[in-house]
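Here are my notes on this model, point by point. Have the coordinates open while you read.

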Amino acid sequence: MTRGRLAVHAHFYQPRRADPFSGRMPAEPAAAPYPNWNARIDAEAYRPNAERGNLQRISWDLGPTLASWLEAEDPPTYSAFQKAAPSRAIAQAYHHSILPLASAADRRTEVRWGIRDFELRLGFRPKGLWLPETAVDLPTLALLAEEGIAYTILAPWQSAETPTETRRPYRVSVGSGHSIGVMFYDGALSAAVSFEPAASEDAHQFARDRVAPRLARGPFPDGTVPVVLIATDGELYGHHQVFRDLFLEHLVAPEPEEIQSRTFDLVDLEDVMAEPIDQEFANARIRERTSWSCHHGVARWSAECPDAADGRWKGPLRAALDRLAGGVDAVSEGVIRDAGVTVNFWEARDAYVDVVSGAESGAQFLTRCLGSRSAVSEARRAHLLELLEAQRWRLAMFASDGWFWDDPIREETAQNLLAAARAVRIVDKVAGTHLERFLVADLALFTSPSRKVDGAELYTRALESVGQRAPK
Ligand SMILES: [Zn+2]
């Protein structure tokens, strides 16, 4: 009898917390005794999981905004991620924005930046990519396939066929004869690990009572050996649930020869996804514009859904930032065109990740884009760099965290507003425009449910909290 297989994936991510103007981390008293949440979650989850060797036995993705913090603040843990990466790590779209809600150009940049950042940090091209909140639609999958990504992970309810058989990988056709691999994680097992503390008190019991029964069947007609995937937030193992770094260690550690109580094999997701997937047996279709943490499509990040008691602020916040993005883009393209800079601004934006990641200086980047003997004046070259820096923040302002919770009074939304402020102030300075006025007017169209202050006031407060002047 062929043994079934278990794979585990952890999604490691924290939003950017540093002030976009100064790069300083604000103090977060709620994270005491640690100075901020990143430090606390590092101590409770990232570092212990690295020290226990768990990163070498599971599949994971490490968001760029968290990776850069770890690199600076906890080099030993960062280096454990780097060492474990081959055949374990998959990429993540860069700013953790909800791709089905983004423009085509923004999706492409987020995916290209995520892939490039991964490559710069880990030294090889990723085979898989984690979609933020597993938010998906067919154009996003087609884009991943185009960018050379072989597979992604989705929630079981994102399959068009429900209930879906999750114990095998699938292929999803994305048009033009192309397809991409998809692994739907095991809903019951992943939920038990995430939300049922009693289930994960004892790893051996969990393996015997929960995992083994899911694998008590023979191979599928095409010969595929059943495999279940547990996919959760990585912070779960030690931060959301104490001691679960130990649970994970026991669940995935190799068993000593003399014990061998496990009735299934532990496998790498990457190996599973590298096996040929027979289209005839394993053709899946997805439910468009769905995600893993909202059962109302992607409404959690754009509209009212039962996840928030009063979500009336979410739509107007997104509309305000969408309008700002349109304004920033139109003004930037105009400045570049009028300056006679012969560069495709959008291709330059895709390439700018090398500057953001620190792999290249602004000067090196300009030489690469424009050539060293370019006739473009110094001032105009500087403008190009400034406008690309504005794009960096205009992309960052769409991080999903700003919409995730009940109220825009929270730090996560303030961070989106600060990113918007940074972007608009650069562009207004370079172009002499007044886009910020329109932004403030648009932000006044929504109100915090708990504090009854409008978005314009939240914007002013966010700026003042980091020592920036209020909008005029
Ligand atoms: Zn929802």
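1. Some ground rules for the helix geometry. Axes are lines fitted to C-alpha atoms, for helices over the stretch in contact, and angles run from 0 to 180 degrees between N-to-C directions. Helices (H or I, at least four residues) and strands (E, at least two) are DSSP runs, numbered from the N terminus. Bear in mind that this is a predicted model, where local features need pLDDT of at least 70 and side-chain atom pairs count only at pLDDT 80 or more, while totals for chains, interfaces and linings use all residues. Residue numbers start from 1 along each chain as its sequence is written.

2. Overall build: the protein chain has 18 helices and 10 strands, and its C-alpha trace spans about 70 × 50 × 40 Å along the principal axes. The radius of gyration (over C-alpha atoms; the globule rule is 2.2 Å times the number of residues to the power 0.38) is 23 Å, which agrees with the value near 23 Å for a compact globule of 472 residues.

3. Contacts (C-beta atoms, placed from the backbone, within 7 Å) with a separation of 6 or more come 72% from residues 24 or more positions apart.

4. Now H10 (residues 314-338) and H14 (residues 378-396): their axes come within 11 Å and cross at roughly 165 degrees. The pair is therefore roughly antiparallel, the label for angles over 145 degrees. On the H10 side the contact uses Ala325, Val328, Ser332, Val335 and Ile336, and on the H14 side His383, Leu384, Leu387, Ala390 and Arg394. By class that is 7 nonpolar, 2 polar and 1 charged (nonpolar: Ala, Val, Leu, Ile, Met, Phe, Trp, Tyr, Cys and Pro; charged: Asp, Glu, Lys and Arg; polar: the others, Gly among them).

5. H14 also meets H13 (residues 362-370), with axes within 11 Å and a crossing of roughly 105 degrees. That makes H13 roughly perpendicular to H14, a label covering 65 to 115 degrees. Gly362, Leu366 and Leu370 of H13 face Arg381, Leu384 and Leu385 of H14 in this contact, giving 4 nonpolar, 1 polar and 1 charged residues.

6. Last, have a look at His95, in the loop between strand E3 (89-92) and helix H4 (104-122). Is His95 buried or exposed? His95 counts as buried, because it has 27 C-beta neighbours inside 10 Å. Beyond four places in sequence, His95 touches Glu110, Leu395, Ala396, Phe398 and Ala399.

Key: Contact = placed C-beta atoms within 7 Å. Parallel < 35°, antiparallel > 145°, perpendicular 65-115°, else oblique. Buried ≥ 20, exposed ≤ 12 C-beta atoms within 10 Å, placed from the backbone.
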